[in-house]
Amino acid sequence: TLYVAGGAVVKGGIEAKGDNIRILGPGILDGSDYPHADGPTVYMLTLEKCNNALIRDVIIRGSWLYTIAPCGCNHVTIDNVKICGSRVDNDDGIDPINSNDVIIHDCFLRTDDDCIATKGIAGYNNKKCENITITDCSFWTDRANIFRIAYESEADTMQNITARNIDV
């Protein structure tokens with residue numbers, strides 16, 4: 001468990017691997033000091049092949065590339081997260097990459113690039129992207145797409161992607 005306390009501003013990125021990962025707020029994770037595509041981690045908050053991960057109540061600002069990227073994960077919940085982006089190109093909000101059983105709930109995302117982009121990239125054995133549920137969220141993009149599905153994809157399947165009660 002990583003807890004970012006209220007009032008805290010942590011400059012940097014997070015890379016997590018393993019089972020039962022928890023990243024909790026209400027503090028701020030800030031990437032504003034890093035140039036485009038050149039932060040301390042590949043993506044600002046990277047979950048790499050995690051099972052049962054939870055990201056809740058954290059504020060993320062100023063990403064240098066994709067903001068939250070569950071890569072090759074199973075059972076990920078992203079709840080009440082605020083993304084304040086739109087600082088650089090390619091600052092996608094949440095990109096489930098070769099992941100399944102992903103819940104995105106009660107989030108606010110402002111990005112320059114795609115808010116939600118489901119991808120299936122090399123390195124994850126063409127793992128399916130499936131059972132992704134997005135509910136009760138507000139999305140604001142300055143330039144690109146609210147949803148982008150299957151762009152940059154080598155996954156065999158993308159299915160059961162549901163969005164409900166979304167404000168754009």
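The questions below concern three residues, Thr41, Glu130 and Asp92, in a predicted model.

Q: Is Thr41 buried or exposed?
A: Thr41 is found in the loop that runs between strand E5 (28–30) and strand E6 (45–56). Its relative accessibility is 14%, and a residue is classed as buried when that value is under 20%. Thr41 therefore counts as buried.

Q: What distance separates the C-alpha atoms of Glu130 and Glu152?
A: Glu130 is found in strand E14, which covers residues 129–141, and at 16% relative accessibility Glu130 counts as buried. Beyond its neighbours within four places in sequence, Glu130 is in contact with Ser99, Asn100, Asp101, Gln159 and Asn160. Glu152 lies 22 residues from Glu130 along the chain, and the separation of their C-alpha atoms is 16 Å.

Q: What is the relative accessibility of Asp92?
A: Asp92 is found in the loop between strand E10 (82–84) and strand E11 (100–105). When neighbours within four places in sequence are left aside, Asp92 is in contact with Leu65, Tyr66, Thr67, Thr111, Asp113, Asp114, Ala117 and Lys119. Asp92 counts as buried, because its relative accessibility is 1%.

Technical notes. Residues numbered from 1 in each chain as written. Predicted model: local features only at pLDDT ≥ 70, side-chain atom pairs only at ≥ 80, totals over all residues. Heavy atoms only, no water. Helix = DSSP H or I, 4+ residues; strand = E, 2+ residues; numbered from the N terminus. Buried < 20%, exposed > 50% of the residue type's maximum accessible area, 1.4 Å probe, protein only. Contact = heavy atoms within 4.5 Å.
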